[in-house]
Amino acid sequence: MQQVTSFLGITAKTKSTIRRPLSPADQNSFYVFTTVETDGTTALATAEFFPSAQGCKATYSLTLNLGKPCETVRAERFADLGEGALLSDNIRVMTDANAMRISLISSGETCTLIKTETLD
């Protein structure tokens, strides 16, 4: 949990909600929905923590809108991931070798970035 919250940059200004699954009830799993300040904007972060054979796993997702075209975002931040897969005219998905997935959704001159990763 500390690894995920440290990465997301949780601060005193962060707004969060936590929920546990009801069916089936599992006291070891829970979900966090939180705001994160990044790139001069407020992003939505979600994280799911759940037990595994190795202890605990976590999956997080960070969603934010950027005031740049997706091709600029890809070139500036994710060039090392290559071209990725173009799912439609406005959606590109790229992955790395460590279970990280980047989705870029173009809305003309702006880009919605969704970063998802699973941590052991």
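These legends go with a few close-up views of a predicted model.

Residue numbers start from 1 along each chain as its sequence is written. Local features need pLDDT of at least 70 and side-chain atom pairs count only at pLDDT 80 or more, while totals for chains, interfaces and linings use all residues, and side-chain values use heavy atoms, with hydrogens and water left out.

**View 1. Strands β2 and β3 pair up as a hairpin.** Here β2 (residues 30-38) runs antiparallel to β3 (residues 41-52), and nine bridges join them. Strands are DSSP runs of E with at least two residues, helices are runs of H or I with at least four, and both are numbered from the N terminus; two strands pair if DSSP finds at least two bridges between them. Look for Phe33, which sits opposite Thr46 in β3. Two residues lie between the strands, and Asp39 in the turn has a positive phi of about 50 degrees.

**View 2. Glu71 reaches Arg92 from another part of the chain.** Their side chains form a salt bridge at 3.6 Å, N to O (a side-chain nitrogen of Lys or Arg within 4 Å of a carboxyl oxygen of Asp or Glu). Glu71 belongs to helix α2 (residues 70-77) and Arg92 to strand β6 (residues 91-95), 21 residues apart. Glu71 is partly exposed at 43% relative accessible area, whereas Arg92 is buried at 14% (buried is under 20%, exposed over 50%, partly exposed in between, with a 1.4 Å probe and protein chains only).

View 3. Glu83 is partly exposed at 46%, while Arg74 is buried at 12%.
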